Amino acid sequence: MPIELYRIDDRLVHGQVVVGWGQPLNVTFVVLVDDAIATSDWEQELYRMGAPPEMTVTFESVDSALAHLAEYQSRPGHGILLAGDVETMRRLVERAGTIRHVNLGGIHHRIGRAARLRYIFLTPEEETSLRELAASGVTITAQDVPATPPVPLEQVLARTGE
Amino acid sequence: MTSSAPGAAVVRRAVVAGHGDFAAGMISAVQQISGKGDTFRAVSSRDLSAVAIEELLRATVGAHEVQVIFTDLPAGSCTIAARRVARDLPGLIVVTGANLSVLLSWALGSDDGIAACEHALERGRGAMSVLPAIVQTEGGGAH
């Protein structure tokens, strides 16, 4: 399984991804799925600059990610697929049909979101999307870094921030 | 980034931005060693979204006439946010991979602008070493 982690993280490429997960998983490639960033050279350069030389970062829209997903899933090495929000990951997972685990890595506070964990805040619509994904057989856990235990979705939704 | 009158000495102001308590810790150390801790303002990315980090950096830079943003990791969310801020503020410099020697050199230095940052980086790189050093043998090996 060359894509080791399908992660929702609104910071996208950052320290937890590149170092926290990247080093223990020996990650060699990151697939960043974002419809807006996929069309912006400046944004792509911004995120590419932060990655170490041994780690490639590829930018995809949801549509192009779906077209190339099988290739990523069979690529040599170890990868992380990143989406910045629940909706993007939901569209990807529902249409791909081959993604069985989703990691909630960082969905931070904004107006309309309720605190669930220190690093997970969700709107009612986002909670519904995650419940529907889970009901379809996708395992969803929250885990910001490998050193912390994963928290199952039901426990995440039962909490009120900590 | 400054509004000093011509001929007036430029007051050095910088932001240190990073993960956890990196910034506060570094500034505390600068203060203890040099008394120049008030040169810097601390920004932490802890528990903030990318948008919130960028907003906090913009507000801090604007409030304190900051010339430089020092960040910890090149791949960190503070660096990403700092580059977004610098894109809109010509003259604002972003330095990644900052360590204590970098900050001390910059705070105590006399150069301005990029030259000051380059000099500080040189000092920062030079401060890093591994002890004990690897000893080269005659055969070219090391132990």
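A residue counts as buried here if 20 or more other C-beta atoms lie within 10 Å of its own. Keep that cut-off in mind as we walk through this predicted model.

Let's start with helix α4 of chain B, which covers residues 100-108. Buried residues in this helix are B:Val102, B:Leu103, B:Leu104, B:Ser105, B:Trp106 and B:Ala107. What sits over them? The cover includes the strands β1 (14-18), β2 (40-44), β3 (68-71) and β4 (93-95) of chain B, along with the helices α1 (22-34) and α5 (113-126) of that chain.

Now hop over to the largest nonpolar core, which has 45 residues. The members that touch the most others are A:Val13, A:Val30, A:Leu32, A:Val33 and A:Leu82. Strand β2 of chain A (residues 29-33) supplies the largest share of this core, with five residues. Nonpolar side chains tend to be buried together in soluble globular proteins.

Zoom in on A:Leu32 and you'll find it touching A:Leu12, A:Val13, A:Ile37, A:Tyr47, A:Val57, A:Phe59 and A:Leu82, leaving aside residues up to four places away in sequence. There's also a second, separate core of 36 residues, and B:Ile53, B:Val66, B:Val85 and B:Ala98 are among its members.

The contact draws 15 residues from chain A and 14 from chain B. On the chain B side, the elements giving two or more residues are α2 (50-64) and α3 (77-88). Helix α3(B) has the largest share of that side, four residues. By type, the chain B side splits into seven nonpolar, five polar and two charged residues.

Definitions and conventions:
Residues numbered from 1 in each chain as written. Chains lettered and ligands numbered in written order. Predicted model: local features only at pLDDT ≥ 70, side-chain atom pairs only at ≥ 80, totals over all residues. Core = buried A, V, L, I, M, F, W, Y, C linked by C-beta atoms within 7 Å. Buried ≥ 20, exposed ≤ 12 C-beta atoms within 10 Å, placed from the backbone. Contact = placed C-beta atoms within 7 Å. Nonpolar A, V, L, I, M, F, W, Y, C, P; charged D, E, K, R; others polar.
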